[in-house]
Amino acid sequence: MLLKIGQLAKRSGLSVRALRHYDDIALLTPSVRSDKGYRLYDSGDVARLYRIQALRRLDLSLTQIQAMLADGGASLPQVVEQQIASLERQIAQASALHGHLRDLQSQLAGHHEPSMDNWLAALERMAASARYFTDAELHTLKTRRQQRSGDNAHLTSTLRDLMERGLKPDSPEAGALAQCWIAALLDEVGGDEAMLMKLYAMNWNEPTLHMLNGVDRAAMQFISQAMAHRRLAIYANYCSEAEMALLRQHYIKQTDTWPILICALRDHLTQGTPPASADVQALARQWQALSLSKAAGNPALQAKLRHAFEQEPELRIGSGIDAPLIAYVREAMQSL
């Protein structure tokens with residue numbers, strides 16, 4: 001059976017232009033030439049074309065198909081695996097988009113005449129959240145935020161009032177607010193310290209959210225420093241007066257750096273990154289440097305802080321540091 005290009009185009013459902021392109025790139029070249037000089041496709045060519053079409057249904061590029069046919073299909077298992085992974089990503093993205101649109105529909109349903117600001121604010125919040133949380137985590141946040149919306153607004157209002165009155169983070173009022181603030185956030189994330197660090201990183205890194213929730217970096221620093229002063233009061237039970245004087249100079253300075261570092265390490269821990277990897281080793285070095293720096297470069301004081309942290313549960317609340325993370329960091333440090 002020999003077919004001209006027009007006949008093969010009609011029977012295969014492809015255009016003559018497509019078949020000519022296949023010929024130009026040496027993907028499918030007619031094997032026979034007639035007495036009159038016509039290029040004809042034989043049964044082997046037709047079989048090859050149907051293999052090409054089958055592989056195209058896997059959304060492979062023509063270059064990939066050409067390579068696969070050249071190696072006799074040896075790479076097919078790997079290609080199929082890659083395509084499955086690609087489809088799973090598309091399904092996850094479609095599922096996330098479906099959830100976002102449902103949320104947007106619900107938010108807009110409460111406004112008879114939604115403004116452009118309402119649309120954009122909802123979309124910006126969803127886009128920022130999707131960069132930091134899984135769908136399951138977003139569901140937890142959404143459910144718990146709905147239950148606590150009034151409480152969160154009250155805490156934000158109180159925070160703004162303290163800052164406008166010029167109170168310092170070491171004041172009793174600031175300490176009490178910080179304790180309530182961390183408790184509220186932990187309730188919002190279901191007590192998950194890893195999610196708490198993600199929430200911190202998102203709110204720290206996304207300027208859009210500062211405008212939407214009224215909490216900017218200055219406000220976050222105020223809360224962090226107020227919590228640091230509360231922790232200093234606990235460390236006083238383990239340190240001398242001279243050591244506490246050093247801590248008051250150096251400990252507070254580290255409050256903005258730790259959450260981002262902890263979040264990065266927790267991501268690697270969750271992903272199963274080996275502690276001896278270059279990325280984790282770099283973070284472990286940063287952990288070592290910060291740990292020594294907050295103790296004013298004094299190894300003995302650093303050891304006292306570590307001991308207190310292990311002994312006092314209140315020091316660990318809201319820190320994002322738990323036993324698995326500590327073990328992970330220690331293993332990374334041993335590999336340095």
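User: I'm new to this structure. What does a right-handed crossing of helices mean here?

Analyst: A crossing is left-handed if the near helix is turned anticlockwise from the far one by less than a right angle, and right-handed if it is turned clockwise. Helices themselves are DSSP runs (H or I, at least four residues), strands are E runs of at least two, and both are numbered from the N terminus. In this model, α1 passes α2 in a right-handed crossing. Keep in mind that the model is predicted: local features need pLDDT of at least 70, side-chain atom pairs count only at pLDDT 80 or more, and totals for chains, interfaces and linings use all residues. Residues are numbered from 1 along each chain as its sequence is written, and side-chain values use heavy atoms, with hydrogens and water left out.

User: How do I read the packing, and what are the angle and axis distance for α1 and α2?

Analyst: Two packed helices are described by the angle between their axes and the distance between the axes. The axes are lines fitted to C-alpha atoms, for helices over the stretch in contact, and angles run from 0 to 180 degrees between N-to-C directions. Here, α1 (residues 5-12) and α2 (residues 16-24) pack at about 115°, with axes 9 Å apart. That makes the pair roughly perpendicular (65 to 115 degrees; under 35 is roughly parallel, over 145 roughly antiparallel, the rest oblique).

User: Which residues make that contact?

Analyst: Contact means heavy atoms within 4.5 Å. On the α1 side you'll find Ile5, Gly6, Leu8 and Ala9, and on the α2 side Val16, Leu19 and Arg20.

User: Where does serine 319 sit?

Analyst: Look in the loop between α16 (313-316) and α17 (323-334). Serine 319 counts as buried, at 11% relative accessibility. Beyond its neighbours within four places in sequence, its contacts are Glu193, Met197, Arg231, Ile262 and Phe309.

User: How many helices and strands does the chain have?

Analyst: There are 17 helices and 2 strands. Of the 336 residues, 37% count as buried.

Note on methods. Buried means under 20% relative accessible area, exposed over 50%, partly exposed in between (1.4 Å probe, protein chains only).
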